Amino acid sequence: MTESGTALKRTPLYEEHVRLGGKMVPFAGYEMPVQYEGILAEHEAVRERVGLFDVSHMGEVEVRGPQALAFVQHVTTNDASTLVPGQAQYSVICRDNGTAIDDCIVYRFDDHYMIVVNASNRDRDVAWMLEHAGAFDARVEDVSDSIALLAVQGPKAQQVVSRLTDVDLDAIAYYHFGTGEVAGKQAVLSRTGYTGEDGFELYLAGGDGAEVWQAVMEAGEPEGIAPAGLGARDALRLEVGYALYGNDLDDDHTPLEAGLGWVVKLDKGDFIGRDALVKQKEAGLRRKLVGFVLKERGFPRHGYEIRHGGESTGVVTSGLLSPALGQGVGMGYVATEAAAKGTELGIMIRDKAVPAQVKRPPFYTGGSIRR
């Protein structure tokens, strides 16, 4: 049950997680595996071989109709007009005041668009889109409950997936996708992920999820594939500096403050939040999201105070002792004067200001992504 007393949802892969000994925890309204064998072992599998994640809790919203593009342009910050069929882009959904409702990925198909949003924000995102859809000749439909989503991630990911499909995987570039059968089931194969490694996210009909999961696990046995949970996923994404909504990006900060100006196309025309973002850019940012590395051993955690020159300047939004680097790394919002690369900071850990230095992510640079 959730804190509000409602029943937790289960993805189509729930029985597979239980069968594999996954430790199930509440997450974004779902029962999800935080780990199986262990976070460090699963992290290592993805960095060195290949891991398999269930990310079916993510939300998928389809947009169709004559003004589908115009609608997507209106509710997201990036320029979707540059997309060709089979291409995807990272973007942000903003409020009128420029703060972030969510980050998302926009997919362009031949005849429609799909916006993939975070599970924890799904209901809010869909309501926001429907609220603004009336001004466009476009149909907005939440299809999340009909989709299973698997993420095959790691330097051996393509070898594993290639055994299950005739789709030319070499032809799918980073942030592009193709369609075809995987293990005999129709799928969208997207060269995207949240780990800093090469891999594919497989969009499937919900009823096909368990069968394809089993097929991927079997096909990956020669590579030492491992099921991986939320714990490893969080460590992997933070090592490469990917933002987590609710921590590093939220309703109190704009994408400009979060270092996502590269997905805010102010010259594409009007969109929700544009006026506020233009004003903020012209006035100058007062706070910025920065990455940092500890100069001594320590474990920076969410909520820890960040100091600059002995004075409080912000808090840690995400932090961990990096399994790949053996070093404490993290992110947090600080005053602009403390945001320059190389700036000395202090992270308050057990009443001690542990020395840290501002560093632009990624912290781990050995990933296998094919850009």
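Predicted model: local features only at pLDDT ≥ 70, side-chain atom pairs only at ≥ 80, totals over all residues.
**Entry 1**

I noted what the words stand for: helices (H or I, at least four residues) and strands (E, at least two) are DSSP runs numbered from the N terminus, and two strands pair if DSSP finds at least two bridges between them.

I then looked at how S13 is held: two bridges join it to strand S3 (residues 51-54), and these two strands run parallel. The bridge partner of Gly51 is Ala226 in S13. Contact here means heavy atoms within 4.5 Å; axes are lines fitted to C-alpha atoms, for helices over the stretch in contact, and angles run from 0 to 180 degrees between N-to-C directions.

Before going on, I wrote down the conventions: residues are numbered from 1 along each chain as its sequence is written. Local features need pLDDT of at least 70 and side-chain atom pairs count only at pLDDT 80 or more, while totals for chains, interfaces and linings use all residues, and side-chain values use heavy atoms, with hydrogens and water left out.

**Entry 1: the buried part of H2**

Which residues of H2 are buried? I listed Glu42, His43, Ala45, Val46 and Arg47, where buried means under 20% relative accessible area, exposed over 50%, and partly exposed in between (1.4 Å probe, protein chains only). These buried residues pack against S2, S3, S9, S13 and helix H7 (230-239).

**Entry 2: a hairpin and its loop**

Strand S1 (residues 23-27) and strand S2 (residues 30-35) pair in the antiparallel sense over five bridges, and I saw that Met24 stands opposite Pro33 in S2. The hairpin has two residues between the strands, and Ala28, which sits in the loop between S1 and S2, has a positive phi of about 55° although it is not a glycine. I kept in mind that most residues other than glycine have a negative phi, and most peptide bonds are trans. Ala28 counts as partly exposed because its relative accessibility is 28%.

**Entry 3: two further backbone checks**

Asp351 lies in the loop between strand S18 (344-349) and S19, and I noted its positive phi of about 65°, although it is not a glycine. Because its relative accessibility is 78%, Asp351 counts as exposed. In the segment after strand S19 (352-358) I found Pro362, and the peptide bond from Pro361 to Pro362 is cis, with omega near 10°.

**Entry 4: a histidine in H4**

Is His132 buried or exposed? This residue lies in helix H4 (residues 122-133), and it counts as buried because its relative accessibility is 16%. Not counting residues up to four places away in sequence, I found that His132 touches Phe71, His74, Val75 and Ile272.
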